[in-house]
Amino acid sequence: MSAPLIELDDVHKHYKQNRKSIFYHPPVVKAMNGVSFTLKRGESFGLVGESGSGKSTTGQVILQLLKQTSGSIKYKGKDVTTFTKKQLKEWRKNVQIVFQDPYSSLNPKKTIEWILHEPLTIHNIGDKAFRDKRILETIEDVGLDASFLDRYPHQLSGGQRQRVAIASALILEPEFIVIDEGVSALDVSVQAQILNLLNKLKDKYTLTYLFISHDLNVVQYFCDRIAIMYLGEIVEMGKTEHIGAKPKHPYAEALFSAIPHMESVQGHVPLKGDIPDPSNPPHGCPFHTRCVKATDICAEVRPQPVQWNESYQVKCHLYKQAEKVKVTS
């Protein structure tokens, strides 16, 4: 087997809140609390969870847009957390991000041609003729034509702006792209077009995706593997067809049971209350305050991951390493 493209090992990202008082210590928000996973070359890996679970933070920490508190992040075996500024600049040609709102991520005062030209200029890639050719190729790869290059972001529809954002990420021919809620702001019909486009580009450029979303329907359609996050931790991870068919963690069960179905909504697993304050998470299992299957141990002891095979794990006291359920690999 080939080596993983991206490896996260026990990564933490903590934020200190600015609440000053001589009697009060500022709380720490654990946006990532021991996150570990690997990304294989050419796969689409989905990161799913409620708002505040740490999904977007994970993507930005991988790209070093945010610095981790502890843990290591490796790209092709090299620890990017130790890179110098020069090394980071060179590395970022190979890793890019597509944000949820393309209107905010695209400079409203610049034309689409300028937006696509800028990354090539920053990295000093090619001469003017090469850059012009590369821009034209890329804009056509995302389903637009040369007539769009003279336009400004406000002159485009939401789907067209997202295509430009994808082109901006693609212009340097990266190997890895983080897609952070990249289709959640689009109409359903446009979502399908963008997802099909991303799959087409993945094959053409041999891309690896980290696909961050709260939409399980989209993730099941697009991703090869899924990781479910809750309060900064991955509680279940495995192949999409396995988790989608029979999720094991009570939180994953609740999420998948909430997907609307035409035939019936029976079997819905309820979630009690709201997600806890991340600056004051519960003791033991972080999910036990909302879990209908919680027992006494859940409130006292933090569960450890139970590994079934290379690609499937769950973090829950309902399962023990010695009682592994067979999962087809």
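Questions and answers on this model follow.

User: What kind of model is this, and what pLDDT do local features need?

Analyst: Residues are numbered from 1 along each chain as its sequence is written, and side-chain values use heavy atoms, with hydrogens and water left out. This is a predicted model in which totals for chains, interfaces and linings use all residues, side-chain atom pairs count only at pLDDT 80 or more, and local features need pLDDT of at least 70.

User: What is the strand order of the open sheet of four strands?

Analyst: Helices (H or I, at least four residues) and strands (E, at least two) are DSSP runs, numbered from the N terminus. Two strands pair if DSSP finds at least two bridges between them. The pairing in this sheet is antiparallel, and the order is β2-β1-β4-β5.

User: Which strands stand at the edges of that sheet?

Analyst: An edge strand here has a single partner, so one side of it is left without a neighbour in the sheet. The two are β2 and β5 (78-79).

User: How many bridges join β1 and β2?

Analyst: Strand β2 covers residues 28-39. Its pairing with β1 is antiparallel. Glu7 stands opposite Thr38 in β2. The count of bridges between β1 and β2 is nine.

User: Which residue of β4 is the bridge partner of His12?

Analyst: Strand β1 (residues 6-16) also pairs with strand β4 (residues 70-75), in the antiparallel sense over five bridges. Glu7 stands opposite Lys74 in β4. For His12, the partner is Ser70.

User: Is Asp10 buried, partly exposed or exposed?

Analyst: Asp10 has its place in strand β1. Its phi is near 50°, a positive value in a residue other than glycine. Buried means under 20% relative accessible area, exposed over 50%, and partly exposed in between (1.4 Å probe, protein chains only). With a relative accessible area of 41%, Asp10 is partly exposed.

User: What is the relative accessibility of Gln64?

Analyst: Gln64 lies in the loop between α1 (55-62) and β4. Phi of Gln64 is near 65°, a positive value in a residue other than glycine. Gln64 counts as buried, and its relative accessibility is 6%.

User: What is the average twist from one strand to the next in the sheet of eight strands?

Analyst: This open sheet has the order β6-β7-β8-β3-β9-β10-β12-β11, with mixed pairing. β6 (95-98) and β11 (306-309) stand at its edges, each with a single partner strand. Axes are lines fitted to C-alpha atoms, for helices over the stretch in contact, and angles run from 0 to 180 degrees between N-to-C directions. The twist averages 20°.

User: Which residue of β12 is the bridge partner of Glu236?

Analyst: Strand β10 (residues 233-239) and strand β12 (residues 312-314) pair in the antiparallel sense over two bridges. The partner of Glu236 is Val314.

User: Which element gives the largest share of the lining of the largest pocket?

Analyst: A pocket is an open set of points on a 1 Å grid over the protein atoms alone, with protein on both sides within 12 Å along at least five of seven lines; a cavity is a set where a 1.4 Å probe fits but cannot get out, and lining residues have an atom within 4 Å of a point. This pocket holds about 570 Å³, and of its 23 lining residues the closest to its centre are Gln96, Ile97, Phe99, Pro119 and Ser168. α2 (85-91), β6, α4 (112-122) and α6 each give two or more residues to the lining. The largest share, five residues, comes from α4.

User: Which helices each supply at least two residues of the lining of the largest cavity?

Analyst: The structure holds one cavity of 30 Å³ or more. Val98, Gln162, Ile166, Ile179, Gly182, Val183, Ile194 and Leu198 line the largest cavity. The helices are α6 (158-170) and α7 (188-205).

User: Which cysteine has the sulfur nearest to that of Cys298?

Analyst: Cys298 is buried, with a relative accessible area of 10%. Cys298 is in no disulfide. The nearest cysteine sulfur is 5.9 Å away, in Cys285.

Notes: A disulfide is a pair of cysteine sulfur atoms within 2.5 Å. Grid points are joined across faces, edges and corners, and a volume is the space filled by probe spheres set on the points.
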